[in-house]
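Welcome to this short briefing. Please take a look at the sequence and structure below, then read on for the helices, their packing and a few residues in the loops.

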Amino acid sequence: MAPRVPAASICGFIRTDAGKARMRPQTAAAASVAPTMGCAAPVEKPAGASKIRGMFERLSLVLDSIKFAHSIFALPFALLAMVVAAQGWPSWRTFGLIVVCMVSARSAAMAFNRLADRGIDADNPRTKMRPTVTGAVSPGFLLAFILASAGIYWAGTWFLNPLCFILAL
């Protein structure tokens, strides 16, 4: 006779003290009982898949935290300045590079603000649940995001023209 496995753990879930279900590794006994209880058998996942998924989840949290979608509200000012400076509509290449530079510079600045204000955000009831405060996004990941955004900005300025790059430094 197979060892008894609590019904709550047959499909790989166990109950925590708070009553929430969380995943746990399936034991051999649970894996042998699972197919008869209407649960799918455990599926082998590639080793790097969870790391990549975790990275994209953290990236999604950062983009949500810095309100990446709000970059659209800053674009009219950059594009108006572009039209005035070019005395008309510039090439599509210039237009694309200016959009890339504006969005990446804003992303770097907003992420830096989240990193610098973690202590203040922890004390404010409105901001204490931000991923940078709760630990869902590590300071190292946030710093890597800031450096990547700044790198994209500097690359964009270089492709616009060398003077723009020098002024951006």
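Helices here are DSSP runs of H or I with at least four residues, strands are runs of E with at least two, and both are numbered from the N terminus. This is a predicted model, in which local features need pLDDT of at least 70 and side-chain atom pairs count only at pLDDT 80 or more, while totals for chains, interfaces and linings use all residues. Residues are numbered from 1 along each chain as its sequence is written, and side-chain values use heavy atoms, with hydrogens and water left out.

- Ile98 sits in helix H4, which covers residues 92-116.
- Leaving aside residues up to four places away in sequence, Ile98 touches Met82 and Leu160; contact means heavy atoms within 4.5 Å.
- The C-alpha atoms of Ile98 and Gly156 are 7.5 Å apart, although 58 residues separate the two along the chain.
- H4 packs against helix H7 (residues 139-160) at an angle of about 155 degrees, and their axes are 8 Å apart; axes are lines fitted to C-alpha atoms, for helices over the stretch in contact, and angles run from 0 to 180 degrees between N-to-C directions.
- H4 and H7 are therefore roughly antiparallel to each other, a term for angles over 145 degrees.
- The contact of H4 with H7 has 19 nonpolar, six polar and two charged residues; Ala, Val, Leu, Ile, Met, Phe, Trp, Tyr, Cys and Pro count as nonpolar, Asp, Glu, Lys and Arg as charged, and the others, Gly among them, as polar.

**Helix H3**

- The 16 residues of helix H3 (residues 71-86) should span 22 Å at 1.5 Å a residue, and the end C-alpha atoms of H3 are 22 Å apart, which agrees; the expected span is 1.5 Å times one less than the number of residues.
- Ser71, Leu75, Ala78 and Met82 of H3 are buried, meaning under 20% relative accessible area, with exposed over 50% and partly exposed in between (1.4 Å probe, protein chains only).
- H4 is included in what covers the buried residues of H3.

**Residues in the loops**

- Most residues other than glycine have a negative phi.
- Lys67, in the loop between helix H2 (49-65) and H3, has a positive phi near 55 degrees.
- At 39% relative accessibility, Lys67 counts as partly exposed.
- Gln87 follows H3 and has a positive phi near 55 degrees; at 76% relative accessibility, Gln87 counts as exposed.
- Thr127 lies in the loop between helix H5 (118-123) and helix H6 (131-134), and at 2% relative accessibility Thr127 counts as buried.

Terms used: Parallel < 35°, antiparallel > 145°, perpendicular 65-115°, else oblique.
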